[in-house]
Amino acid sequence: MLRSSRGIALRGLRAIVRLPSAFFPAMMMPIFQAIAFSGTFFAITKIPGFPTDRSINWFLPLAAVMGSGFSGVGVGFTTIRDLESGFFDRLRMAPVPRTALVIGPLLAVWVRTLLVLAAVTVVGVLFGARLTGGPMALLTLAAAGLGTATIGAGWSLGLAYRFRDMRAAALMQLGLFNAIFLTNAQAPLNVMTGWLHAVAKVNPFTNILRLGRQGFLGDVTWDGSWGGLVAIAVLTALAWLFAQTGLRRLDA
């Protein structure tokens with residue numbers, strides 16, 4: 001299984017070289033988002049009690065988590081192309097465990113996500129972001145990013161296996177986009193009001209953002225970490241159950 005998974009993962013990574021137009025826009029989007037949001041909404045730091053005096057420190061983790069999630073969703077697009085071309089049928093007929101068909105793409109997603117996280121962090125530091133939590137800030141940001149990418153991959157694969165064509169593409173992107181932005185993505189919970197505050201308060205992605213942000217807003221603590229780690233564990237289990245059941249339906 002491991003050898004088959006590695007082969008499928010390497011195939012996914014070669015697409016970066018063979019089709020860079022499909023990868024680099026996904027990497028540039030979170031960089032643009034971090035710069036644009038921190039510049040446009042720089043005055044957000046004037047809010048009394050705002051946790052940082054640098055807007056880039058607030059928006060960089062958001063951009064990194066968003067970019068990571070869309071790196072995960074990208075595997076759904078690749079799978080749909082394979083389904084439409086018939087190549088995925090060849091993979092299903094190969095004498096390898098079915099688990100390799102989901103582990104392989106996930107390994108490729110993790111590598112792509114690390115590239116995105118590294119690029120966003122480097123550019124963010126050049127634009128003034130500071131790791132107030134020290135090296136642990138990078139660890140918690142990576143945990144939030146890789147966790148979101150894993151959730152996005154499971155979600156997109158489950159949709160790809162069920163729809164089997166590009167009708168699923170909009171749902172993949174829209175579902176993840178709404179899940180992340182219906183949080184404290186733009187402003188702290190204590191200044192939000194109305195229905196958005198109520199939704200953000202119970203949205204598990206709020207905890208994942210808190211996990212990724214804490215090292216840019218102060219010290220990294222267990223109180224700021226455990227909620228995000230639990231959210232990642234639960235949503236990952238649900239997303240990959242969704243993917244596995246979709247694959248079984250495809251085989252039926």
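Guide: With what counts as a helix, since a loop is placed by the helices on either side. Helices are DSSP runs of at least four residues, numbered from the N terminus. The model here is a predicted one.

Visitor: Where does Arg164 lie, then?

Guide: Arg164 is in the loop between H6 and H7. Its phi is near 65°, a positive value in a residue other than glycine. With a relative accessible area of 40%, Arg164 is partly exposed.

Visitor: How do I describe two helices that pack together?

Guide: Two packed helices are described by the angle between their axes and by the distance between the axes. Take helix H1, residues 2-18, and helix H5, residues 100-126. They pack at an angle of about 40°, and their axes are 7 Å apart. That angle makes H1 oblique to H5. The crossing in which H1 passes H5 is right-handed.

Visitor: Which residues of H1 and H5 make the contact?

Guide: On the H1 side they are Ser4, Ser5, Ile8, Ala9, Gly12, Leu13 and Ile16. H5 contributes Ala100, Leu101, Ile103, Gly104, Pro105, Leu107, Ala108, Val111, Arg112 and Leu115. Sorted by class, the contact of H1 with H5 has twelve nonpolar, four polar and one charged residues.

Visitor: What is the angle between H3 and H7?

Guide: H3 and helix H7, residues 167-181, pack at about 165°, with their axes 10 Å apart. Angles over 145 degrees count as roughly antiparallel. H3 and H7 are therefore roughly antiparallel to each other. H3 passes H7 in a right-handed crossing.

Visitor: Which residues of H3 and H7 meet there?

Guide: H3 brings Leu62, Val65, Met66, Gly69, Phe70, Val73, Gly76, Phe77 and Ile80. From H7 come Ala168, Ala169, Met172, Gln173, Leu176, Phe177, Ile180 and Phe181. This contact of H3 with H7 has 14 nonpolar, three polar and no charged residues.

Visitor: Next, aromatic rings. How is a pair of them read?

Guide: A pair of aromatic rings is described by the distance of the centres and the angle of the planes. A search of the whole structure finds seven aromatic pairs. In one of them, Phe37 and Phe59, the ring centres are 5.7 Å apart and the planes stand at 75°, so the pair is edge-to-face. Phe37 lies in helix H2 (residues 24-40) and Phe59 in helix H3 (residues 55-85), so this pair ties together parts 22 residues apart in sequence.

Visitor: Are Phe37 and Phe59 buried or exposed?

Guide: A residue is buried when its relative accessible area is under 20%. Phe37, at 19% relative accessibility, counts as buried. Phe59 is buried too, with a relative accessible area of 1%. Phe37 and Phe59 also form one aromatic cluster with Phe41.

Visitor: What kind of pair do Trp155 and Phe242 make?

Guide: Their ring centres are 5.7 Å apart and their planes are at 20°, so the pair is stacked. Trp155 lies in helix H6 (residues 135-163) and Phe242 in helix H10 (residues 226-251), so the pair ties together parts that are 87 residues apart in sequence. Trp155 counts as partly exposed, at 30% relative accessibility, and Phe242 counts as partly exposed at 22%.

Visitor: Single residues are left. What does Thr148 touch?

Guide: For a single residue, read its place, its accessibility and its contacts in turn. Thr148 is found in helix H6 and, at 0% relative accessibility, counts as buried. Not counting residues up to four places away in sequence, Thr148 touches Val65, Gly69, Leu176, Ile180, Phe205 and Ile208.

Visitor: And which residues is Ser71 in contact with?

Guide: Ser71 lies in helix H3. At 3% relative accessibility, Ser71 counts as buried. Leaving aside neighbours within four places in sequence, Ser71 is in contact with Val109, Arg112, Thr113 and Val116.

Visitor: How many residues apart in sequence are Ala179 and Asn203?

Guide: They are 24 residues apart in sequence, and in space 7.6 Å apart, C-alpha to C-alpha. Ala179 lies in helix H7. Not counting residues up to four places away in sequence, Ala179 touches Asn203 and Phe205.

Note on methods. Residues are numbered from 1 along each chain as its sequence is written. This is a predicted model: local features need pLDDT of at least 70, side-chain atom pairs count only at pLDDT 80 or more; totals for chains, interfaces and linings use all residues. Side-chain values use heavy atoms; hydrogens and water are left out. Axes are lines fitted to C-alpha atoms, for helices over the stretch in contact, and angles run from 0 to 180 degrees between N-to-C directions. Helices (H or I, at least four residues) and strands (E, at least two) are DSSP runs, numbered from the N terminus. Angles under 35 degrees count as roughly parallel, over 145 as roughly antiparallel, 65 to 115 as roughly perpendicular and the rest as oblique. A crossing is left-handed if the near helix is turned anticlockwise from the far one by less than a right angle, and right-handed if clockwise. Contact means heavy atoms within 4.5 Å. Ala, Val, Leu, Ile, Met, Phe, Trp, Tyr, Cys and Pro count as nonpolar, Asp, Glu, Lys and Arg as charged, and the others, Gly among them, as polar. Rings of Phe, Tyr and Trp (its six-membered ring) pair if their centres lie within 6.5 Å; planes under 30 degrees apart count as stacked, over 60 as edge-to-face and the rest as tilted. Buried means under 20% relative accessible area, exposed over 50%, partly exposed in between (1.4 Å probe, protein chains only).
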